[in-house]
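Please have the sequence and the three-dimensional view open while reading.

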Amino acid sequence: MTTLAPPPARTVTDPRRTRLRRVRDSSATIALSTVAVLLLTWELVPRLESVNRILVPTFSDVVAGFVQLLGTGYWWGDLWKTMYAVAIAWVIGVAFGFVMGVALGTSPYVRQAITPYAIAVQALPKVVLAPLLIGWLGFGSESKIALAVIICFFPVWIDTMVGLALPSANEFRLMQSLKASRRQVFLKLQLPSAVPMIMVGVKHALLLAFTGVLVAEILSASDGGLGKLAKEFASQLNMPLTYSVVLVVVILAVALVSVADVIERRVVFWSDENRARTR
């Protein structure tokens, strides 16, 4: 007597997951193709003498300059000075912006008193303060940290203030009906609602702190740093090394944003955007 083998189990695939996977694969293909076309164009245009090769070197020249830069070793001190200033400025800017945001987001009186000054600070191009800060604090790291703090604290300030106002009136009434104190309302309602927006401001502040430090280094050019290094190479018309420093800055910026993105997903794991990413 022969027995029939059971039919193989069918693998049930979720059409939604399949569609999302296809979209991700196609996006990666488009991104890689775009990068390849840009690099090929970058290599060919200077070789065909469509532009001045001294000012716009080929991609292979920049890669050779990048290898030369990594091999010399003297630029590590400039990298350390830049990253140290960025870290200090970012910590101070985030802390100051958060405190100011909480003060304005929880006290209507403070908000009315400070809002005109906040608008004036936002409208002011912060770079114009660089000569004043250099004059007050000197050409050392203090002036570039101060400029970076002034540039980077504002997004955290605004995002914290706006985030604390996100809960609806009914949610505030519910907390009042439960006899919650102001501290409990802040810790259990306002702050959890504001954290996703605060994290956006923190990420934005990181890039702005990087920008502020580089601008200060280019303007002061005495305390070292990647900004000063790029300025020196550009003044010598050593464009491959100048582009190499810019490439290092781009790599660092992408790495910092990626790390901040991972931290954001860990901290605000309940947000709709993060839940959509993990699906």
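The points below cover the overall fold, the salt bridges, the pockets, the surface and the backbone.

The model is predicted, so to speak of a local feature requires pLDDT of at least 70 and a side-chain atom pair counts only at pLDDT 80 or more, whereas totals for chains, interfaces and linings use all residues. Residues are numbered from 1 along each chain as its sequence is written, and side-chain values use heavy atoms, with hydrogens and water left out.

**Overall fold**

- The protein has 11 helices and zero strands; helices (H or I, at least four residues) and strands (E, at least two) are DSSP runs, numbered from the N terminus.
- Along the sequence, the pattern reads α-α-α-α-α-α-α-α-α-α-α.
- Of the 279 residues in the protein, 34% are buried. Buried means under 20% relative accessible area, exposed over 50%, and partly exposed in between (1.4 Å probe, protein chains only).

**Salt bridges**

- The structure contains seven salt bridges, a salt bridge being a side-chain nitrogen of Lys or Arg within 4 Å of a carboxyl oxygen of Asp or Glu.
- Glutamate 217 and lysine 144 form a salt bridge through their side chains (3.0 Å, N to O). Because glutamate 217 belongs to helix H8 and lysine 144 to helix H6, the pair ties together parts that are 73 residues apart in sequence.
- Glutamate 217 is buried, because its relative accessibility is 1%; lysine 144 is likewise buried, at 2%.
- Aspartate 261 and arginine 265 also meet in a salt bridge (3.1 Å, N to O). The two are four residues apart in helix H10, so about one helical turn separates them.
- Aspartate 261 has a relative accessible area of 18% and is therefore buried, while arginine 265, at 32%, is partly exposed. Salt bridges with shared partners join Lys203, Asp261, Glu264 and Arg265 into one network.
- A salt bridge links the side chains of arginine 53 and aspartate 61 (3.1 Å, N to O). Arginine 53 is partly exposed at 36% relative accessibility, and aspartate 61 is partly exposed at 24%.

**Pockets**

- A pocket is defined on a 1 Å grid over the protein atoms alone, as an open set of points where a 1.4 Å probe fits, with protein on both sides within 12 Å along at least five of seven lines; lining residues have an atom within 4 Å of a point. Grid points are joined across faces, edges and corners, and a volume is the space filled by probe spheres set on the points.
- The largest pocket holds about 390 Å³ of space. Its lining comprises 15 residues, of which Thr106, Phe172, Arg182, Val185 and Gln190 lie nearest the centre.
- H3, helix H4 (108-123), helix H6 (141-164), helix H7 (169-177) and helix H8 (182-220) each contribute at least two residues to the lining of the largest pocket.
- Eight nonpolar, five polar and two charged residues make up the lining of the largest pocket. Ala, Val, Leu, Ile, Met, Phe, Trp, Tyr, Cys and Pro count as nonpolar, Asp, Glu, Lys and Arg as charged, and the others, Gly among them, as polar.
- The second largest pocket has a volume of about 210 Å³, and its lining includes Val86, Trp90, Met199, Lys203, Leu206 and Ile263.
- For the second largest pocket, H3, H8 and helix H10 (239-267) each supply at least two lining residues. This lining has 10 nonpolar, no polar and one charged residues.

**Surface patch**

- Trp80, Tyr84, Ile88 and Ile92 make a nonpolar surface patch of about 410 Å². Patches are made of residues with over 30% relative accessible area and no salt bridge, with like charges joined within 9 Å and nonpolar side chains (Val, Leu, Ile, Met, Phe, Trp, Tyr) within 5 Å. Accessible areas come from the Shrake-Rupley method with a 1.4 Å probe, and for residues only the protein chains shown count as cover.
- Tryptophan 80 lies in helix H3 (residues 75-106) and is exposed, at 57% relative accessibility.

**Backbone**

- Lysine 179, in the loop between H7 and H8, has phi near 60°, a positive value in a residue other than glycine. Lysine 179 counts as exposed because its relative accessibility is 72%.
- Leucine 237 also has a positive phi, near 55°, and is not glycine. Leucine 237 sits in the loop between helix H9 (226-235) and H10 and is partly exposed, at 49%.
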